[in-house]
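User: I am new to this structure and would like to understand the terms used for it. Could you take me through them carefully?

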Amino acid sequence: MAAPEVPIDVEPETGIWRTDGLPMIYVPRHFLVNNHRAMEAALGIPAHRAILTQSGDASALHWCEKEAQTHGLDAEATFRHYLRRLSQRGWGRFSILALDPAAGSGRFAVEHSVYALEYGADAGRCVCYAFEGYFTGAMRYVLRRAGCEAALRCTEVACAAAGDRACHFVLECRDIRGHQRSASDRDTRAPNGSEPVTKPAPRRQHEWK
Ligand SMILES: [Zn+2]
């Protein structure tokens with residue numbers, strides 16, 4: 001067995017766990033997925049999915065902002081660091097199959113997803129939609145570093161719980177609204193004061209298929 005690859009600091013007085021200064025908790029996988037199942041039963045999958053997409057997007061964006069400051073990372077490095085940390089924290093093995101930071105798009109694989117493992121290979125549907133907001137939030141962070149806002153959508157298109165070898169996610173973007181940086185954009189500049197690596201993307205617009 002290997003030790004965790006993430007740094008964990010425990011505050012003796014309070015018992016609070018932290019990684020890179022962010023408070024963390026350590027929970028059993030079945031606890032997490034039992035909550036997930038209960039919410040699916042109570043709300044229905046479409047409503048639960050919409051809520052998780054929104055909250056996951058906001059949480060990923062916040063995480064990326066904090067981690068970029070902590071480590072002085074550029075936008076794309078922050079995105080890659082996020083997926084590496086998710087993998088190191090046991091959510092599954094995340095990998096990048098394609099990534100276009102300027103276009104806000106990508107394709108990703110997740111092996112050993114916590115959701116797929118708990119639901120089992122015969123669930124017959126994609127069960128890892130909780131990750132969809134993670135990808136949109138992290139990409140939202142990348143685009144904001146370039147001074148852009150965009151409508152993002154991520155979809156799990158294959159899932160180990162549906163009998164596929166691994167879970168696959170497609171991240172798409174439409175209607176990027178970019179602008180050149182000015183002095184008023186300082187809050188979105190790279191933490192070390194340098195210009196962001198990602199250039200503002202050209203405006204584009206297309207309909208969802
Ligand atoms: Zn899956």
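Analyst: We can begin with a facing pair: Ile-96 stands opposite Phe-108 in β5. This is a predicted model, in which local features need pLDDT of at least 70 and side-chain atom pairs count only at pLDDT 80 or more, while totals for chains, interfaces and linings use all residues. Residues are numbered from 1 along each chain as its sequence is written.

User: Why are β4 and β5 said to pair?

Analyst: Two strands pair if DSSP finds at least two bridges between them, and seven bridges join β4 to β5, so the two antiparallel strands count as paired. Strands themselves are DSSP runs (E, at least two residues), and helices are runs of H or I with at least four residues, both numbered from the N terminus.

User: What makes β4 and β6 edge strands?

Analyst: The open sheet has four strands in the antiparallel order β4-β5-β7-β6, and β4 (93-100) and β6 each pair on one side only.

User: How do you know which residues Val-127 touches?

Analyst: Contact requires C-beta atoms, placed from the backbone, within 7 Å. Leaving aside residues up to four places away in sequence, Val-127 touches Tyr-115, Ala-116, Tyr-119, Cys-159 and Ala-161.

User: What does the angle between α5 and β6 refer to?

Analyst: Axes are lines fitted to C-alpha atoms, for helices over the stretch in contact, with angles from 0 to 180 degrees between N-to-C directions. On that scale α5, which lies across β5, β6 and β7, runs at about 155 degrees to β6.

Terms used: Two residues are in contact if their C-beta atoms, placed from the backbone, lie within 7 Å.
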